[in-house]
Amino acid sequence: MRARARLRAVEARDLPGIVRIERAVFGDPWSEASFRSMLAQPHVLSAVLEREGAVCGYYVAWMVADEAELANLAVAPGERRRGHGAALLDHLLAEVAARGGATIHLEVRAGNAAAIALYRSRGFEESGRRPAYYQSPEEDALIMRRARPALAERGRPEAE
Ligand SMILES: CC(C)(COP(=O)(O)OP(=O)(O)OC[C@H]1O[C@@H](n2cnc3c(N)ncnc32)[C@H](O)[C@@H]1OP(=O)(O)O)[C@@H](O)C(=O)NCCC(=O)NCCS
């Protein structure tokens, strides 16, 4: 049986694993230096999912006043559809709620059906569109928002 994935705070030793997923998943990946400087900021919220020493997912967001923005959320390609993305997003929703956040915003590629379905499942709604916002390849961004993040429901299994 596979070990259960563990959700915890990001540590410096996680950066190579995070960047490996970032490069595998995004056309315009953040560098390790970008993650390092971002994660040093006090207004940044983040978490990593780890299984047997390997990073299998992460998110990075920030919060200014009562507004949060999700910047990056990804699950390693071999680890998907096991509830990891939902567990990471639920963790962010709980963090934002605990800090008195009123709204969470994010941008997502208009053709990213998996991510859009995940966000809708957690109460996000489309609030706008930015034409040709992304490059490599060029694509519109959907802007999604969720108001008044409630404490996330717990209890969903993170892994089999
Ligand atoms: C989006 C992403 C984070 C989802 O991670 P995941 O661990 O596979 O998601 P989960 O298993 O937690 O799925 C939660 C829900 O999201 C939706 N979902 C996830 N993947 C889906 C897919 N491929 N197709 C349709 N719905 C999907 C479903 O509603 C799912 O619930 P269900 O499994 O009960 O049907 C993952 O596909 C990923 O890393 N994609 C590349 C990076 C990315 O696009 N990040 C978002 C940038 S804005």
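**Questions about strands, core and ligand shell**

Biologist: Which residue of S4 is the bridge partner of alanine 61?

Modeller: In S4, alanine 61 has leucine 70 as its bridge partner. Keep in mind that this is a predicted model.

Biologist: What makes S3 and S4 a pair?

Modeller: Two strands need at least two bridges to count as paired. S3 and S4 have eight, in the antiparallel sense, so they meet the definition. Two residues lie between the strands of their hairpin, where alanine 65 takes a positive phi near 50 degrees.

Biologist: How do you know that S2 and S3 pair?

Modeller: The test is again at least two bridges. S2 and S3 are joined over eight bridges, in the antiparallel sense, and therefore they pass.

Biologist: Why is glycine 123 called partly exposed?

Modeller: Glycine 123 has 15 other C-beta atoms within 10 Å. A buried residue would have 20 or more, and an exposed one 12 or fewer. The value of 15 lies in between, so glycine 123 is partly exposed. Glycine 123 is found in the loop between H4 and strand S6 (125–134).

Biologist: Which residues is isoleucine 18 in contact with, leaving aside neighbours within four places in sequence?

Modeller: Isoleucine 18 is in contact with Phe35, Val48, Val55 and Tyr58. Contact requires C-beta atoms within 7 Å, so each of these four pairs meets that limit. In the largest nonpolar core, which has 35 residues, Ile18 is also among those that touch the most other members, with Tyr58, Tyr59, Leu88 and Leu92. Elements supplying at least two residues of this core include helix H1 (15–25), strand S2 (44–51) and strand S3 (54–64).

Biologist: What surrounds the ligand?

Modeller: The ligand has 19 residues around it, and the closest are Arg80, Gly85, Ala114, Ala117 and Leu118. Strand S4 (67–75), helix H3 (84–98) and helix H4 (113–121) each give two or more residues to the shell. H4 has the largest share, six residues. By type, the shell holds 11 nonpolar, five polar and three charged residues.

Biologist: Where does pLDDT stay under 50?

Modeller: It stays under 50 over residues 151–160. For the chain, the mean pLDDT is 92, and 92% of the residues reach 70 or more. The model has 23 contacts beyond four places in sequence for residues 151–160. Where pLDDT is low, predicted coordinates should not be read in detail.

How values were computed
Residues are numbered from 1 along each chain as its sequence is written. This is a predicted model: local features need pLDDT of at least 70, side-chain atom pairs count only at pLDDT 80 or more; totals for chains, interfaces and linings use all residues. A residue is near a molecule or strand if its C-beta atom, placed from the backbone, lies within 6 Å of it. Helices (H or I, at least four residues) and strands (E, at least two) are DSSP runs, numbered from the N terminus. Ala, Val, Leu, Ile, Met, Phe, Trp, Tyr, Cys and Pro count as nonpolar, Asp, Glu, Lys and Arg as charged, and the others, Gly among them, as polar. A nonpolar core is a set of buried Ala, Val, Leu, Ile, Met, Phe, Trp, Tyr and Cys residues joined through C-beta atoms within 7 Å. Two residues are in contact if their C-beta atoms, placed from the backbone, lie within 7 Å. pLDDT is the predictor's confidence in each residue, from 0 to 100.
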